[in-house]
Amino acid sequence: DLINKARVEAVKSRIDNGDGEVFTLLAVAFDCGFSSKTSFNRIFKKETGLSPSAYRDAAKAKSALTNS
């Protein structure tokens with residue numbers, strides 16, 4: 001679904017920009033238009049192949065490598 005794909009991209013962008021460190025993933029998801037934790041987790045994993053927390057951890061590790 002096109003809308004959910006755009007929402008996932010918005011969440012990924014915010015995580016990549018550090019919002020995953022400041023806000024909970026659920027807060028970011030709700031801010032990007034998701035209405036429930038279950039649908040967010042299911043759709044995010046379907047679109048990316050990773051759970052939201054695994055994506056955040058990978059983004060954090062990537063950021064640490066590029067900043068060192």
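In this predicted model, phenylalanine 40 is in contact with Val11, Leu25, Ala29, Phe34 and Pro52, leaving aside its neighbours within four places in sequence. Phe40 also belongs to the largest nonpolar core, which has 13 residues.

Helix H4 covers residues 37–48. At 1.5 Å a residue, its 12 residues should span 16 Å. The end C-alpha atoms of H4 are 16 Å apart, which agrees with that expectation. The buried residues of H4 are Ser39, Phe40, Ile43 and Phe44. Seen down the helix axis, these buried residues fall within an arc of 120°, so they line one face of H4. The cover over them includes helix H1 (2–16), helix H3 (25–31) and helix H5 (52–67). The face of H4 turned away from the buried side carries the exposed residues Lys37, Thr38, Arg42 and Lys46. Glycine 49 follows H4. The phi of this glycine is positive, near 85°.

Arginine 14 lies in helix H1. Its side chain makes a polar contact with the side chain of aspartate 31, at 2.3 Å. Not counting residues up to four places away in sequence, arginine 14 touches Asp19, Gly20, Phe23, Val28, Asp31 and Cys32.

Note on methods. Residues are numbered from 1 along each chain as its sequence is written. This is a predicted model: local features need pLDDT of at least 70, side-chain atom pairs count only at pLDDT 80 or more; totals for chains, interfaces and linings use all residues. Side-chain values use heavy atoms; hydrogens and water are left out. Helices (H or I, at least four residues) and strands (E, at least two) are DSSP runs, numbered from the N terminus. The expected span of a helix is 1.5 Å times one less than its number of residues. Buried means under 20% relative accessible area, exposed over 50%, partly exposed in between (1.4 Å probe, protein chains only). The arc is that of the directions from the helix axis to the C-beta atoms. Contact means heavy atoms within 4.5 Å. A polar contact is a pair of N or O atoms within 3.5 Å; within protein, one must be able to donate a hydrogen and the other to accept it, and residues adjacent in sequence count only if both atoms are side-chain atoms. A nonpolar core is a set of buried Ala, Val, Leu, Ile, Met, Phe, Trp, Tyr and Cys residues joined through side-chain atoms within 4.5 Å.
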